[in-house]
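Hi everyone, thanks for coming. Have a look at it first.

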Amino acid sequence: MAGTWETLGAQKRKALQDSIPEEWRIPRGLLPPDDQDEVMSFPATSGWFTPEELAITGLTASELLPKLAAGELKSETVTRAFCKRAAAAHQLVNCLSETCFERAITAAKSLDQHLAETGKPIGPLHGLPISLKDNFNLLGLDSTVGMTSHIGSPATYESVLADLLREAGAVFYVKTNVPTAMMIAETVNYTHGRTVNPHNRRLTSGGSSGGESALIAFGGSPWGVGSDIGGSLRIPAACTGLFTLRPSFGRFPTLRCRSGMPGQEAVHSVNGPLTRSLADLELYCRAVVGTRPWRADPRCLPLAWRAVDVPSPEKQKLRIAVLWDDGMALPTPPVARALRTAVARLRAAGHDLVDWSSVDQPQGAALLERMFVADGGEAIRRELARTGEPWRPEMAMYKHAPRSLTGVEYWELHVERQDYQKRYLDRWLEAGIDAILCPTTPYSSVENGKFRHVGYTGVFNVLDYSCISFPSGMTVDKSVDRPLGDDYTAMSDLDKQIQSEYNAEVVHGMPINLQLVAQRLEEEKCVEMCKIVLDALSQE
């Protein structure tokens, strides 16, 4: 495509809308009014979905896969159901960036035929639709990463992860919206616009995997794959009440994905799942690692999914450090309450809970910011200039970045990062802890345009630690989670702004996530410890 950024964006949005078949366009009389905030209930209450479609899209991946492998459900039937629900999600919350519905149905039919002829599934993910974040290249589809300069430049190859998932039997049908260059904590850009939260469309679905989180929360995908460089998986999961794993670099393949800042490797972007259950998260991890991705991506570690012996209360207690705040911004009242409740229930279950000082968190956050703007914002500036696209206001950090670092200065930054990682590791080992429990973000979710702080997630990207963001089982209660009183003293201007903007009325009823952090390359241990935490949280 050729033209100005406005023209290109308008053409792209129209093409995406036109790609939705007439049969999957919500009848005008059934569309919720624009001022209706909650749309999660639409599939069940609108009468537009058949009972079979609702039943299928209500199943988790763990429930669907045995039925697909046994032929109890046809992949074509499952794929059509999720295509329709994804189309509905896009019409209500603007979560998609690409569709390939016809291709998906053709692939599903082929899988059904293979099963009928051989009696055997293709692989562990046989016939399951999987949604992908926009940065995963799929042949013939754009990967705009929210930038108009990439419109009309379809991929000529596929991401390694896409190849491996397809070989395992997955069916691709949609890609999902991201913010400009994937470097905003909300999902908004000049190409596709803003993705909103299906729980409440006044709230953000997070970023940069916010299209993915909105789609999965709505039920338009059984599970999906996003990426995380500063919280881009964990923040969207927290905003919509999903599970996600931020793995250490090298566990899952990242080769041949598009980046908003290609070549930036001071802090690595990693891929991970977004799911509705912890069982699905673990199933995804086993399936991907089971493909032996190190044979396709040279940066992947030859590390199988390992069995770990995590202590239980009956055998030996976990020692969990609690990061109550990160020294930069307090969590808002509902998140603080969820953390207090989790700590109390873990103690009641026999685990050892200790406080974790925030002394090192600000330096980690500062390192992350310096790494992100080490090129003086040039990589993003260059792409925007190609179509005259203006800077989004959320990207002021990149627009006004200092000059690009010299090579020596960049090396010195790496040395500083390594010193920081060593100091944090020494503290961890000296404390003898198994994990850190902390907020994922200061928010349950927050009104569109008001997400201010990624410090709770980004520090662990600098450390390259394994992290799970998980729903606590608690929701915001406006009668309990009141704003902080007049006697509250802000720890920073940022903290003051976050607390002053906290709106208990608008976030009432939203799910509250927390974050569990394990050491580097301890993904298996992180999953097992999360099971223990969830068990404790389930005990009243």
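So, which helix gives the largest share of the lining of the largest pocket? That's α12, with six residues. It covers residues 361–372, and α14 (396–399) and α17 (493–501) also each supply at least two residues of that lining. Keep in mind that we're looking at a predicted model here.

How big is the largest pocket, in terms of volume? About 820 Å³. There are 32 residues lining it, and the closest to its centre are Met183, Glu394, Met397, Arg452 and Val454. If you sort the lining by class, you get 19 nonpolar residues, nine polar ones and four charged ones.

Okay, on to the second largest pocket, which has a volume of about 390 Å³. Here 28 residues make up the lining, and Cys257, Arg258, Ser259, Gln264 and Ser269 sit closest to the centre. The split by class goes like this: 10 nonpolar, 12 polar and six charged.

Last stop, helix α8, residues 210–218. Buried here means under 20% relative accessible area. If you want to find them on your screen, the buried residues in α8 include Glu212, Ser213, Leu215, Ile216 and Phe218.

Key: Residues numbered from 1 in each chain as written. Predicted model: local features only at pLDDT ≥ 70, side-chain atom pairs only at ≥ 80, totals over all residues. Heavy atoms only, no water. 1 Å grid on protein atoms, 1.4 Å probe; cavity = no way out; pocket = protein on both sides within 12 Å on 5 of 7 lines; lining within 4 Å. Points joined across faces, edges and corners; volume = space filled by probe spheres on them. Helix = DSSP H or I, 4+ residues; strand = E, 2+ residues; numbered from the N terminus. Nonpolar A, V, L, I, M, F, W, Y, C, P; charged D, E, K, R; others polar. Buried < 20%, exposed > 50% of the residue type's maximum accessible area, 1.4 Å probe, protein only.
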